[in-house]
Amino acid sequence: MRTKIKKQYLDETLKLLRNFNMLTVNSSGNKNLSIIKKAIATLPEEQQQVIIERFINNREWIHVSFETNFSESWCKKLCNKAIDSISIALFGFEAYAGTK
């Protein structure tokens, strides 16, 4: 079951992941970059593979699927779980839906 994360935090996490390579280039003291790297490192290996292929290597889902040997639908589920975990790492408890 997917953890409920507030939409604004999911959107911000996706934006940061999509711009990961740009953050790396402009990394002068970027706190979010450090947190994202640590959060990715703590993910289960399958989720790490999917996140790295999708966002760091900028691959389409079909290529993520090929590289990881998982179906596209499984890759998307793993990605969603990973994004939830990264959102919590970035924003803490306030990212959970149902909190004020």
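Q: Before we start, what do the axes of helices refer to here?
A: Axes are lines fitted to C-alpha atoms, for helices over the stretch in contact, and angles run from 0 to 180 degrees between N-to-C directions. The model discussed here is a predicted one.

Q: At what angle do α3 and α4 pack, then?
A: The angle between α3 and α4 is about 140°, and their axes lie 8 Å apart.

Q: Is the crossing of α3 and α4 left-handed or right-handed?
A: The crossing of these two helices, α3 and α4, is left-handed.

Q: Which residues meet there?
A: From α3, Ile40, Ala41 and Thr42 meet Gln48, Ile51, Ile52 and Ile56 of α4. By class, this contact has five nonpolar residues, two polar ones and no charged ones.

Q: Stepping back, how many helices and strands are there in the protein?
A: The protein has six helices and zero strands. Buried residues account for 37% of its 100 residues.

Q: What about the largest nonpolar core, which residues touch the most other members?
A: Those are Ile36, Val50, Ile51, Ile83 and Ile86, in a core of 28 residues. Each of α1 (7-18), α2 (20-25), α3 (31-42), α4 (45-56), α5 (61-68) and α6 (72-91) supplies at least two residues of this core. The largest share, seven residues, comes from α6.

Q: And what does Ile83 touch?
A: Leaving aside residues up to four places away in sequence, Ile83 touches Leu10, Thr13, Leu14, Leu17, Ile51 and Phe55.

Definitions and conventions: Residues numbered from 1 in each chain as written. Predicted model: local features only at pLDDT ≥ 70, side-chain atom pairs only at ≥ 80, totals over all residues. Heavy atoms only, no water. Core = buried A, V, L, I, M, F, W, Y, C linked by side-chain atoms within 4.5 Å. Buried < 20%, exposed > 50% of the residue type's maximum accessible area, 1.4 Å probe, protein only. Helix = DSSP H or I, 4+ residues; strand = E, 2+ residues; numbered from the N terminus. Contact = heavy atoms within 4.5 Å. Left-handed = near helix turned anticlockwise from the far one by under 90°. Nonpolar A, V, L, I, M, F, W, Y, C, P; charged D, E, K, R; others polar.
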